[in-house]
Amino acid sequence: MEYRYICDVKASDLWKMAMVRTYKSVIGIVNIVFTVALVLLTIRFWGESAGIIKSLLIFGCLLFPVIQPLATYGMSVKQLEDLPRDMELTFNEKGVHVETGGKTQNILWKNISNAIRRKNMIIVMSDDRHGYMLTNRVLGDEKDSFYEYLCSKITA
């Protein structure tokens with residue numbers, strides 16, 4: 001069996017992954033608590049605050065729900081610039097064949113550490129910090145069968 005995909009990672013995919021990772025951690029809980037507390041402080045002290053304090057209160061209310069996601073998206077765009085374009089991944093009995101920009105690399109199945117399934121993508125981890133993202137746009141209807149194939153090869 002062989003699966004062949006051309007990676008099509010967009011900045012929005014990286015952004016979604018970063019936001020999910022943030023809000024599934026303790027940091028996300030702190031962000032939510034801080035935002036709620038600041039909204040309550042703003043409501044409580046709005047009438048008796050000076051102009052600069054009102055500006056700081058508004059900034060604080062917008063920090064995590066607006067400014068942080070925009071900054072994360074900006075970092076995702078910058079990260080996408082460093083990723084290779086037109087990467088073709090071929091998954092077969094031997095392992096993963098990666099081809100990009102005229103360069104090729106073969107990764108044996110024993111060197112693939114994990115396959116992570118998310119709602120909008122599958123990430124094939126080549127080590128603890130590096131992986132290949134295959135979005136639902138790329139996988140199409142093969143997502144489930146491809147994930148089962150990956151799991152059977154990684155555990156074998």
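**Aromatic pairs and helix packing**

At 8% relative accessibility, Trp-109 counts as buried, where buried means under 20% relative accessible area, exposed over 50% and partly exposed in between, with a 1.4 Å probe and protein chains only. The model is a predicted one, in which local features need pLDDT of at least 70 and side-chain atom pairs count only at pLDDT 80 or more, while totals for chains, interfaces and linings use all residues. Residues are numbered from 1 along each chain as its sequence is written, and side-chain values use heavy atoms, with hydrogens and water left out.

The aromatic residues come first. The structure holds eight aromatic pairs; rings of Phe, Tyr and Trp (its six-membered ring) pair if their centres lie within 6.5 Å, and planes under 30 degrees apart count as stacked, over 60 as edge-to-face and the rest as tilted. In one of these pairs, the ring centres of Tyr-3 and Phe-146 are 5.2 Å apart and the planes stand at 70°, so the arrangement is edge-to-face. Tyr-3 belongs to strand 1 (residues 3-6) and Phe-146 to helix 5 (residues 143-155), so the pair ties together parts that are 143 residues apart in sequence. Helices (H or I, at least four residues) and strands (E, at least two) are DSSP runs, numbered from the N terminus. Both partners are buried: Tyr-3 has 5% relative accessibility, and Phe-146 has 0%.

Trp-109 and Tyr-149 form another edge-to-face pair, with 6.0 Å from centre to centre and 80° between the planes. Since Trp-109 lies in the loop between strand 4 (103-108) and strand 5 (114-117) and Tyr-149 in helix 5, this pair ties together parts that are 40 residues apart in sequence. Tyr-149, at 7% relative accessibility, counts as buried. Ring pairs link Tyr-3, Tyr-5, Phe-91, Trp-109, Phe-146 and Tyr-149 into a cluster.

The axes of helix 1 (residues 11-23) and helix 3 (residues 51-82) come within 8 Å and cross at roughly 130°. Here axes are lines fitted to C-alpha atoms, for helices over the stretch in contact, and angles run from 0 to 180 degrees between N-to-C directions. Helix 1 and helix 3 are therefore oblique to each other; angles under 35 degrees count as roughly parallel, over 145 as roughly antiparallel, 65 to 115 as roughly perpendicular and the rest as oblique. The crossing of helix 1 past helix 3 is right-handed. A crossing is left-handed if the near helix is turned anticlockwise from the far one by less than a right angle, and right-handed if clockwise. Contact means heavy atoms within 4.5 Å, and the residues that make it include Leu-14, Trp-15 and Tyr-23 of helix 1 and Phe-64, Gln-68 and Tyr-73 of helix 3. The residues of this contact of helix 1 with helix 3 divide into eleven nonpolar, six polar and no charged. Ala, Val, Leu, Ile, Met, Phe, Trp, Tyr, Cys and Pro count as nonpolar, Asp, Glu, Lys and Arg as charged, and the others, Gly among them, as polar.

Helix 3 also packs against helix 2, at an angle of about 150° and with the axes 8 Å apart. The two helices are therefore roughly antiparallel to each other, and helix 2 passes helix 3 in a left-handed crossing. Among the residues that meet are Asn-31, Phe-34 and Leu-38 in helix 2 and Leu-57, Phe-64 and Gln-68 in helix 3.

Asn-31 lies in helix 2 (residues 26-45) and is buried, with a relative accessible area of 4%. Not counting residues up to four places away in sequence, Asn-31 touches Thr-22, Tyr-23, Phe-64 and Gln-68. Ile-43 is also placed in helix 2, but is exposed, with a relative accessible area of 64%.

Two loop residues remain. Trp-46, in the loop between helix 2 and helix 3, counts as partly exposed at 34% relative accessibility. Leaving aside its neighbours within four places in sequence, Trp-46 is in contact with Lys-54 and Ile-58. Asp-86 lies in the loop between helix 3 and strand 2 (88-91) and is exposed at 64% relative accessibility. The phi of Asp-86 is near 50°, a positive value in a residue other than glycine. Most residues other than glycine have a negative phi.
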